[in-house]
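Here is a short note to read beside the structure.

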Amino acid sequence: AHPVRLTRDYYLGKHEVTQDEFETVMGRNPSWYSPTGGGKDALTQPDTKRCPVESVTWNAAVEFCRRLSELSEEKAAGRTYRLPTEAEWEYGCRGGRTDEIPLYRTWNTGDTSGEIASKEKPPMPLVTVPVGSYEPNGFGMHDMCGNVYEWVADYRAKGYYGKSPLED
């Protein structure tokens, strides 16, 4: 843990980017868990348009934000998109919580949080589910610790927190 102060207002999406949204902007769907992806045999639903896009590189995520920002309707509305910093993402993920968030290594069959971040050895093959399937956090954001991993703008390396900026 280390202190970080956010000094600028920002917005985060209330859930991950869907396969349909990514394909609309980028013209392709790289998802493993899609009707044409390598994981198509593991799908639990035939239509994955509302499932999060996954198997996206960091560079592709940055390019998605750039292209989305260039759309005429986004320009007209004055919106630009970028990946959040790790601190911005964590603040959104916490949903107003300031206490330590417990992470559990084992699977609890009654857990409906969708949290997969710390789990080991899932009891069944994991596939993505439509965005918003898990309960929202205190800010109304869904799937912040589950469904898929998210990219952030920061560079991460051993010892980075010791020299990372204390603001933003």
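**Notes on the predicted model**

1. **Helix H4 and its cover.** H5 is among what covers the buried residues of H4. Contact here means heavy atoms within 4.5 Å. Helices (H or I, at least four residues) and strands (E, at least two) are DSSP runs, numbered from the N terminus. H4 spans residues 86–94, and its buried residues are Glu86, Ala87, Glu88, Gly92 and Cys93. Buried stands for under 20% relative accessible area, exposed for over 50%, and partly exposed for what lies in between (1.4 Å probe, protein chains only). Just after H4 comes Gly95, with a positive phi of about 60°.

2. **Ground rules.** This is a predicted model, in which local features need pLDDT of at least 70, side-chain atom pairs count only at pLDDT 80 or more, and totals for chains, interfaces and linings use all residues. Residues are numbered from 1 along each chain as its sequence is written, and side-chain values use heavy atoms, with hydrogens and water left out.

3. Look next at Pro123, in the loop between H4 and H5. Pro123 counts as exposed, at 58% relative accessibility. Compare its position with Ala87, one of the buried residues of H4. Pro123 and Ala87 are 36 residues apart along the chain, and 32 Å separates their C-alpha atoms.

4. **H1 against H2.** Two packed helices are described by the angle between their axes and the distance between the axes. How do the axes of H1 and H2 cross? H1 covers residues 19–26 and H2 residues 58–70; their axes come within 9 Å and cross at roughly 70°. That makes H1 roughly perpendicular to H2. Axes are lines fitted to C-alpha atoms, for helices over the stretch in contact, and angles run from 0 to 180 degrees between N-to-C directions. Angles under 35 degrees count as roughly parallel, over 145 as roughly antiparallel, 65 to 115 as roughly perpendicular and the rest as oblique.

5. **Handedness and contact.** The crossing of H1 past H2 is left-handed. That term applies if the near helix is turned anticlockwise from the far one by less than a right angle; clockwise would be right-handed. On the H1 side, Glu21, Phe22, Val25 and Met26 make the contact. On the H2 side, Ala60, Glu63, Phe64, Arg67 and Leu68 do. These residues divide into six nonpolar, no polar and three charged. Here Ala, Val, Leu, Ile, Met, Phe, Trp, Tyr, Cys and Pro count as nonpolar, Asp, Glu, Lys and Arg as charged, and the others, Gly among them, as polar.

6. **Glu63.** This residue sits in helix H2. Glu63 is partly exposed, with a relative accessible area of 23%.

7. **Salt bridges.** A salt bridge is a side-chain nitrogen of Lys or Arg within 4 Å of a carboxyl oxygen of Asp or Glu. How many are there by this rule? The count is ten. One of them joins the side chains of Arg5 and Glu167, at 2.3 Å from N to O. This pair links distant parts of the chain, 162 residues apart: Arg5 is in the segment before H1, and Glu167 is in the segment after H5 (160–163). Glu167 is partly exposed, at 41% relative accessible area.

8. Lys75 and Glu70 form a salt bridge, with their closest N and O atoms 3.0 Å apart. Glu70 is partly exposed at 44%. Asp99 pairs with Arg97 in a salt bridge, at 2.9 Å between the closest N and O atoms. Both partners are partly exposed: Asp99 at 40%, Arg97 at 38%. Shared partners also join Glu63, Arg66 and Arg67 into one network of salt bridges.

9. Ser55 is not a glycine, yet its phi is positive, about 65°. Ser55 lies in the loop between H1 and H2 and is partly exposed at 48%. Asp168 is another residue other than glycine with a positive phi, near 55°.

10. **Asp168.** Its place is the segment after H5. Asp168 is partly exposed, at 21%. Leaving out residues up to four places away in sequence, Asp168 touches Val4, Arg5, Leu6, Thr7, Arg8 and Thr85. Ser118 is 50 residues from Asp168 in sequence and 26 Å away in space, C-alpha to C-alpha.
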